[in-house]
Amino acid sequence: MKMDKQTEQSIYEILHTMDEALAHLQLSENEELRQLLQSGRQAVTETLDGALDCSLSQRIDADQLSDADWVRTAYRIMEEISDPFEPRNAFDRKFVNLLGDIWSHSRRELFLSMVHDLKKLQNTSTENYEGLVEYFARFPFWGTLDPKSGDYNTLELRAAVLKRHSYDFLWLYRRLEDYLSKRTLYAILKNWASLDFAELALVRSIFPDYWEPDIFPDNHDDVFVDVGAYIGDSIVEYLNMYGKDYQKIYAYEISPDSYDQLCQNIAANKLSNVVTRRKGVGRSRGELFVDANQTDASANQLRDQQKEAGQKVEVVPLDEDLEDVMTFLKMDIEGAEQDALLGCEQTIRQHHPKLAICVYHGYEDLWKIPSMIDRMYPGYKFYLRHYGGNLIPTEFVLLCKP
């Protein structure tokens with residue numbers, strides 16, 4: 001991929017103009033700005049098609065991207081053209097080969113390959129096949145899967161995210177600090193692409209969820225905020241790992257029964273300086289309703305409409321709700337992580353707390369949450385750890401060290 005400096009500067013000028021147009025369109029609709037975005041996409045696409053020696057639409061399904069996603073992806077491609085990724089070892093080469101396979105096949109071809117792999121699994125391992133189908137029925141964060149009725153929605157979502165966000169994954173691979181993180185990202189994407197279980201089994205962390213002493217060695221004077229505290233199990237593990245040298249703990253939990261048990265466990269362990277709040281966390285203040293998961297209370301979510309007997313819960317932004325400056329944030333809130341991060345953006349920008357954020361509650365979280373955090377404070381070191389099983393990639397966490 002080659003591009004002269006004058007062309008490169010011209011492309012960046014167009015992208016900057018498109019960025020400004022997108023910002024204005026957030027405030028009010030404007031047909032001239034819409035046309036500017038369209039002409040900008042066309043001009044940049046023609047240049048990138050030549051630089052990549054292939055159709056941009058073919059490589060990343062560009063026509064299916066929103067304007068905002070398209071502009072971000074164009075920046076990613078320009079960064080790659082300016083500073084190409086050079087594989088240095090076998091793990092880098094495996095990742096590049098996976099990207100090459102994604103780039104050389106259409107989204108439809110990727111999807112059909114996934115369906116083929118699923119049917120192959122059904123013939124070779126009935127137990128794993130049934131476990132996979134049952135899991136998606138219990139936890140619909142990633143779409144639905146019911147092969148008997150011809151429903152392969154989750155595979156369609158996988159094919160779409162791999163095709164459209166391959167450059168976001170390349171950016172993240174380069175951004176990750178160590179090769180356990182890089183191998184973890186590869187294992188997740190490999191599982192999505194081909195139901196590969198072996199790679200996931202190799203990268204499971206040896207430490208308890210979130211608490212990696214190589215990354216976060218102690219909790220000296222921590223103001224620790226646990227969003228999605230459940231019954232306090234993560235707090236107990238946090239104290240088992242680091243002891244009681246913290247300054248203060250805030251625990252947020254939305255489910256009434258879990259919250260009651262959380263309070264009981266804190267009292268039973270005689271923990272001091274712990275503030276419990278039965279509140280949800282989001283970008284702004286409001287009220288939502290608890291949507292109870294029928295099989296696992298830890299997977300309860302918040303909805304904007306009452307469902308059956310769901311209880312009303314106050315939702316708050318952390319920037320406004322905390323009395324102390326947060327130094328460590330753990331967040332596991334069943335798909336609401338993006339919204340909640342926007343509610344503590346000021347704290348992240350100004351104070352750069354340690355972060356342990358779940359990025360497995362939807363196919364877009366894995367690329368979008370790191371991108372959001374990097375935009376808030378680009379000085380973080382990123383790590384990715386996997387704490388779940390190898391049948392389905394779940395329980396993977398982005399760890400951010402300032």
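Residues are numbered from 1 along each chain as its sequence is written. In this predicted model, local features need pLDDT of at least 70, side-chain atom pairs count only at pLDDT 80 or more, and totals for chains, interfaces and linings use all residues, while side-chain values use heavy atoms, with hydrogens and water left out.

Seven strands form an open sheet with mixed pairing, in the order S3-S2-S1-S8-S9-S11-S10. Helices (H or I, at least four residues) and strands (E, at least two) are DSSP runs numbered from the N terminus, and two strands pair if DSSP finds at least two bridges between them. Strand S3 (274–277) and strand S10 (381–386) are the edge strands, each pairing on one side only. From one strand to the next, the twist averages 15°; axes are lines fitted to C-alpha atoms, for helices over the stretch in contact, and angles run from 0 to 180 degrees between N-to-C directions. Six antiparallel bridges join S10 to strand S11 (residues 396–401), where leucine 384 stands opposite leucine 398 in S11.

Helix H13 (residues 256–268) lies across strand S2 (248–252) and S3, at about 170° to S3.

For helix H9 (residues 166–175) and helix H10 (residues 179–194), the axes come within 9 Å and cross at roughly 155°. H9 and H10 are therefore roughly antiparallel to each other (angles over 145 degrees). Phe169, Leu172, Tyr173 and Arg174 of H9 make the contact with Tyr179, Lys182, Leu185, Leu189 and Trp192 of H10 (heavy atoms within 4.5 Å). Seven of these residues are nonpolar, none polar and two charged, where Ala, Val, Leu, Ile, Met, Phe, Trp, Tyr, Cys and Pro count as nonpolar, Asp, Glu, Lys and Arg as charged, and the others, Gly among them, as polar.

Methods:
Parallel < 35°, antiparallel > 145°, perpendicular 65-115°, else oblique.
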